[in-house]
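Let's take a walk through this model, one piece at a time. Have the sequence and the 3D view open as you read.

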Amino acid sequence: MNPKLQLLEQWGCDIKGSLPRFLNDEEFMLECITEVSKDPAFDALESHLLQNEVRQAFDAAHTLKGIISNTGLNPLYRYIVTIVEPLRGGSAAGLLPRCEELQTARQKLISLLKR
C-alpha cells in the first residue's frame with residue numbers, strides 16, 4: 001500500500017473500504033483525497049456559519065459530507081455529520097466550534113499528505 005495511504009489508514013481513514021470506489025487505483029485515490037483537502041467548501045462553510053447563512057452553510061456542509069464519506073476520511077466525517085444535520089433542520093446555532101474541529105482535522109489531513 002502507498003505509504004501516504006498507510007498513514008491515513010493509521011489515522012483512522014477507511015482506505016481499504018473506499019479503495020474500490022477508485023477502481024482499486026491507490027494513486028487515483030490519493031489524488032482525490034488531496035483534492036478533497038483543498039476543497040473550497042471548507043472555507044465556504046465557515047464563512048457562511050459566521051454570517052448565519054444557514055442555507056448556504058448547509059449546501060457547503062452537504063457537499064463536504066459526500067466527498068468526505070466517499071473518500072473514507074472518517075476523522076473528518078465524524079465532525080461533518082454533526083454539522084450537516086442541524087443545518088438541514090435550519091439551525092446554525094453552536095456549530096462554529098464543530099467547524100473549527102473539522103478545520104483542525106483538515107489541517108491534520110493536509111499535514112499527513114505532505115509527509
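A residue is called buried when its relative accessible area is under 20%, exposed when it is over 50%, and partly exposed in between (1.4 Å probe, protein chains only). What you're looking at is a predicted model, in which local features need pLDDT of at least 70 and side-chain atom pairs count only at pLDDT 80 or more, while totals for chains, interfaces and linings use all residues. Residues are numbered from 1 along each chain as its sequence is written, and side-chain values use heavy atoms, with hydrogens and water left out.

Start at Q103, which sits in helix 7 (residues 96-114); helices here are DSSP runs of H or I with at least four residues, numbered from the N terminus. Q103 counts as buried because its relative accessibility is 12%. What does Q103 touch, leaving aside its neighbours within four places in sequence? The contacts (heavy atoms within 4.5 Å) are with F42, D43 and E46. With E46 there's also a side-chain to side-chain polar contact at 3.3 Å, meaning a pair of N or O atoms within 3.5 Å; within protein, one must be able to donate a hydrogen and the other to accept it, and residues adjacent in sequence count only if both atoms are side-chain atoms.

Now zoom out to the helix pair. The axes of helix 4 and helix 7 come within 10 Å and cross at roughly 165°; axes are lines fitted to C-alpha atoms over the stretch in contact, and angles run from 0 to 180 degrees between N-to-C directions. The two helices are therefore roughly antiparallel, a label for angles over 145 degrees. On the helix 4 side, F42, D43, L45, E46, L49 and L50 meet L96, C99, L102, Q103 and R106 of helix 7. By class, that contact has seven nonpolar, one polar and three charged residues (Ala, Val, Leu, Ile, Met, Phe, Trp, Tyr, Cys and Pro count as nonpolar, Asp, Glu, Lys and Arg as charged, and the others, Gly among them, as polar).

Helix 4 (residues 41-50) also packs against helix 5 (residues 54-70), at an angle of about 150° and with the axes 8 Å apart. That makes this pair roughly antiparallel too. The residues of this contact divide into 10 nonpolar, three polar and no charged.

Finally, look at the loop between helix 2 (15-18) and helix 3 (26-37), where L23 sits. L23 has a positive phi of about 55° although it is not a glycine, and it counts as exposed because its relative accessibility is 74%.

Key. Parallel < 35°, antiparallel > 145°, perpendicular 65-115°, else oblique.
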